[in-house]
Amino acid sequence: MKKQTPDNPADNSLSRVDGHVKVTGAATYSAEYAVPGLVHAVLVTSTIARGSIKAFDLQEAETAPGVLAIITHLNAQPVPGWPAPKQPAERAPAGTAFRVFYDPFIYFDGQPVAMIVADTRERALHAASLVRVTYQQEPHQTHFEKNIGKAAIPLNVQRSKNSPFQDYTRGNAGAWAQAEIRIEAEYTIPTQHHQPLEPHAIVAVWEAGDKLTVYDKNQGVKSAQGQLAQAFKLPREHVQVVSPYIGGAFGSGIRVWPHTVAAVMAAKQVRRPVKLVLGREQMFTSVGYRPYTVQKISLGAGKNGQLQAIVHEGVGQTSMYEEHLERTVQGTRTIYACPNVTTRYRLLPLDVNTPTWMRGPGDATGMFALESAMDELAFALQMDPLEFRLKNYAESDPERNLPWSAKALRECYALGAEKFRWENRQMQPRAVSRNGMLVGYGMASSLYGFHRHPSKARAVLRADGSVTVQSATMDIGPGTGTAMTRIAAGVLGMNAKKIRFELGHSALPDAPGQNGSSTIPSVGSAVYVACESLKGKLLALAGEMDERFKAGRQAVVRDGQVFGSDEDKDGLSFADILKHHHLNELEAAEESKSGAERDQYSMYSFGCHFVEVQVHPLTGEVRVTRVVTCADVGAIINHKTARSQSIGGVVGGIGMALMEHSEMDHRFGRYVTSDFAGYHIPVHADIPAIEVYYIDKPDVHVNPIGSKGLGEIAIVGVAGAVANAVFNATGRRIRTLPITPDKLI
Amino acid sequence: MTDDLDDTSPDAASEDRRFFLKQTMFIAGLSMAPADILHAALAPDDGPVGNAVKARISLTINGRRKRLTVDPRMTLLDLLRENQGLTGTKKGCDFGQCGACTVHIDGRRALSCLTFAVMQHGRKVTTIEGLSHGEQLHPLQEAFIRHDGFQCGYCTPGQLMSGVACIREGHADSADEVREYMSGNLCRCGAYPNIVDAILEVKKEGRKV
Amino acid sequence: MRPFQYLRPKTVGEAVTMAADHPDAQYIAGGTNLIDLMKRGITSPSTLIDINHLPLKKIEHRYDRTRIGALALNSDVAQHKLVTRRQPLLAEALLAGASGQIRNMATVGGNLLQRTRCSYFYDVAMPCNKRNPGSGCSAEGGINRTHAIFFNANEKPSCIAVHASDMCVALTALDTDVVIAGPNGERTLPFKDFHRLSTQQPELDTYLAPGELVTAIEVQDNAFTEHHHYLKVRDRASYAFALVAVAAALQMDGGKIWEARVALGGVAHKPWRYWAVELMLRGNAPSEKLFREVAEHEMRSAKAGEYNAYKINLTANAMVAALKTAAGIS
């Protein structure tokens, strides 16, 4: 197995197909559409966490130069898809998505309460600073630990017997008490924010009052189209969502958020195209976050290291008005062979905005706790943590009692351990120091469920022999277009340069949003079958021209030509085939989706991470100095971009482990970390070289391309591996992230 | 050289004349009626001409001399993005905490969100759009593509402008040095190791950057 | 942001006159802090006096002092031969601060005048005595993880924010004067008397009078060029403000410390000079034991809040680490 390098010709990797536009600044992100007549909207947000708006003083703001409109719940034109507000106004009941400028109530700090529309950004911002709001304040509850007694089984789960979030037990629920070696501990992850470098932004343009185009930052143009059509009661095709370039999202763009609706409302009200860009501080209260979560894990094993019992309980934070559910405890049912497993999941509603999925949602949280606990138990057993995991290797899915569609985690462990030189790890903490720094090794496992959604793709061969492939999928960064181009090039036997992949527009064939590591499994399969279909049509046409290509023969495609066989040197070019048949183009459109295999196999991506840290013995500063990450995600479509995605996941995991922490002052119910100076994400100096390895064997059961998702397992487990390395370096077990110097002093 | 006479900012005089007239004009010691401001010649050594609503400035962007009328509150970043259509320079935070807005001012890397456009009167600004020569990419742009030094691409122009400066400054002799001197450019996708490789490679090649 | 009149003087005299004529004016140089504050509405000058074109960039050596013009950029100062040769501690501290881009914009004068990074100060929705005197200190009883542990003895502080500069910590350890121009001519302030503690007027960070302009700093030659270290402890490896910073400078000869300077950042409303430690170190042979003893000595006067108690240990530890590195013992 060779190391993945970015430019290893043996990989036959494609450089990003959008590389040129991205390095020249020519790629156009949502806020960058120059629409004639564009005006600027700025949100004014609440400074209390609960209560209601008593009054606005808008006098100064209204008379400020350049102001076109000030929109509040008092004067907003009703959003047609929403019910009329109750009279007198009532607080939205649980289960209602937040509606912007709808009622006088404050549900969370940072909630939009007014919107200025002005001719320039400077003037809109100035006017926004002149808006005065008086509130009827009510006591708010934002403190997790103080309210944890109110955590309960989510209403959605109570209503649904088959919900995967139901309490779960296999074997004996009381087995832990009888286990020979036991540990029990509580783990906390604070609220963390996606904070993509591009702030969420939208340019909203109405045409003729009933046609809407939005240039919007989101992770799913089709879903955004559907949600906007519903809200504004428009036929779906009257809404177009254009989002070809997204400056990162990591989950923050899965939903249509209030600010998007607000911008559309503003554009309608002022009859001008409106641009709305969230300020960085607004990014903390507008587009979700990874929820604050407290977990308790009880692990028991025999002296031989065989797991006997796992109890995993998790409580996650949500808003008062919506339930956000995560897989926090679910990976624990699956990842190790253990006869007695109990998991419980609870939600704690607080006066905060609703959390959302953030890279590795639930699993990144849960695996931090479980993989820390596994390390704690391995230490209690005085057993090597890797050996302990191998001892409890799940040969089949212990939750569903199904065979894995494929699982090469054992190979991942072996490869990662070898490359990392794991054998040099010392069992006892504080045993190694280098240049005055304490050195520690840690590892963790990773898993993430396989997600494949129905997807469509269209492939069109043009007269010049070029191919355009289209699907309404997205690229928030992983390199979707590049991977799809590679799939198409492979099927059609063409040079990738002659293929153009189009995405990020709601008029393209249906595709799921980019989330849950589902893009390559879903859209990749659609592109594959669409290109296969195009190839079939092409061969049929060729067959009419020449006996060699008739159906049932050995005809193949390569270099943009059809050949009679692999050995055949006399080909017929795609362009000539079209020309012969007097065709301007040849099109194939297909849909691809899962079948019965979902019930026959359990499907997951797997991986593991090995981390070396150095800890300053006096200042407690932790630096990650080496990482080896290894994944089994089936076939790798494009090594170069896959490797980057793995590296990115590790970087995100290092941030989660060492610095990311959205901290709230509960007296105000307001974040005190509301910019990049307060909310730290890793910088260059925090990140060492990261080695990435893949098993790269197709999983033949999952889809026609044999490829599973990579985006999430890249981060799942990393925080645990770092925390375990910190323990190995210092003897200090940090169970509350992030591991900042104050915790090690 | 062009001498653009862009004036895309709204006509403040017509909509708030009272406020406009109240302002006294100190700049360059001139005192003019509002209408004169827009047509006043800009002496090369003097400062911008204008008042609190509009100021006339002259600066060079990517080798082209521009005469522009700006709201003094407009940052260089907003001038580039909103007024000049140069959206390659990115707004990540607007508070000097992410580096996405990095440009070169008189040849040195700087954050365009933390300086007012009016302060750039007389200076030379280079943005990502001015880094390549037509279709010929800058060596670091090529290296970014080769090493996959980006994912979503949003921090990329800032990383490139900073990376070029880092090499020119002589701060690209080791991976650790690059990491330290590039730490003002955040990347949330986590392309850091590839960016470092790209910068080190270009530095090693010794090509003129 | 409130509209402002933009002025661009060419001489110090002109600048000072403009400031005198516009009581609501502010000087702007690098702008790396001021524009941030203006965007957030923390400061709203009606007039901005752009001093970037004043002739105050020069770095020179006069008699026994390195004189650095107030408009010299942080990056230029950090790599200037006079500074790296005569004041390497200052260069080290400068490079520990901010980023390459910001150091290319920020000036020495501006660095002296940068305001605290207390998050309550930056959020206009929260009470803050520094931003809005009399409204209360939110950090007191709030999230005070990054806040001060040293105060004026026996006085209740009205602001527990810390000074954010790295450069100023080094300048505090060295013998520095600040040269100031004002309506009544030039004056000089010793660096230790330039910044204020927060007790009475937390809205004021320095003893600069309204309309006064910093024109230069002068750093005395010293014998610390060999044994010095600037240690900055932070939440990430770079581009973050200090949790605690230590500027340590030693003059050593014959295995003994003859002169010592220790200044701390991130622990008080101004850079904190550790006078007692300096006395205790003098005449002694360097050792970890000695450093530990002196470091812990003055920590007895430290007062922590709910979230920053760790700073008491961390400061002592950081001091030991910095002194060890400065002394060259491992």
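Helices α10(A) and α18(A) are roughly parallel to each other, a term used for angles under 35 degrees, with over 145 counted as roughly antiparallel, 65 to 115 as roughly perpendicular and the rest as oblique. The model is predicted, so local features need pLDDT of at least 70 and side-chain atom pairs count only at pLDDT 80 or more, while totals for chains, interfaces and linings use all residues. Residues are numbered from 1 along each chain as its sequence is written, and chains are lettered from A and ligands numbered from 1 in the order in which they are written.

The axes of α10 (residues 363-381) and α18 (residues 718-730) of chain A come within 8 Å and cross at roughly 30°. Axes here are lines fitted to C-alpha atoms, for helices over the stretch in contact, with angles from 0 to 180 degrees between N-to-C directions. On the α10(A) side, A:A364, A:M367, A:F368, A:E371, A:S372 and A:D375 meet A:A719, A:G720, A:A721, A:A723, A:N724 and A:F727 of α18(A); contact requires C-beta atoms, placed from the backbone, within 7 Å. Seven nonpolar, three polar and two charged residues make up this contact between α10(A) and α18(A). In this scheme Ala, Val, Leu, Ile, Met, Phe, Trp, Tyr, Cys and Pro are nonpolar, Asp, Glu, Lys and Arg charged, and the others, Gly among them, polar.

Turning to chain A as a whole, its secondary structure comprises 19 helices and 29 strands, taken as DSSP runs numbered from the N terminus (helices H or I, at least four residues; strands E, at least two). Chain A has a radius of gyration of 27 Å, in agreement with the value near 27 Å for a compact globule of 745 residues; the radius is taken over C-alpha atoms, and the globule rule is 2.2 Å times the number of residues to the power 0.38. Along the principal axes, the C-alpha atoms of chain A fill a box of roughly 80 × 75 × 55 Å. Of the contacts in chain A with a separation of 6 or more, 81% are accounted for by residues 24 or more positions apart.

One example is A:L578, which counts as buried because it has 20 C-beta neighbours inside 10 Å (buried means 20 or more other C-beta atoms within 10 Å, exposed 12 or fewer, partly exposed in between). A:L578 lies in helix α15 (residues 574-580) of chain A and, leaving aside residues up to four places away in sequence, touches A:L461, A:A463, A:L583 and A:L586.

The interfaces complete the picture. Chain B places 54 residues in contact with 53 of chain A. Elements giving two or more residues to this side of chain B include α5 and α8, and the side has 25 nonpolar, 15 polar and 14 charged residues. Between chains C and B, the contact takes 22 residues from chain C and 32 from chain B. On the chain C side, α6(C) gives the most, with five residues.

Technical notes. Contact = placed C-beta atoms within 7 Å.
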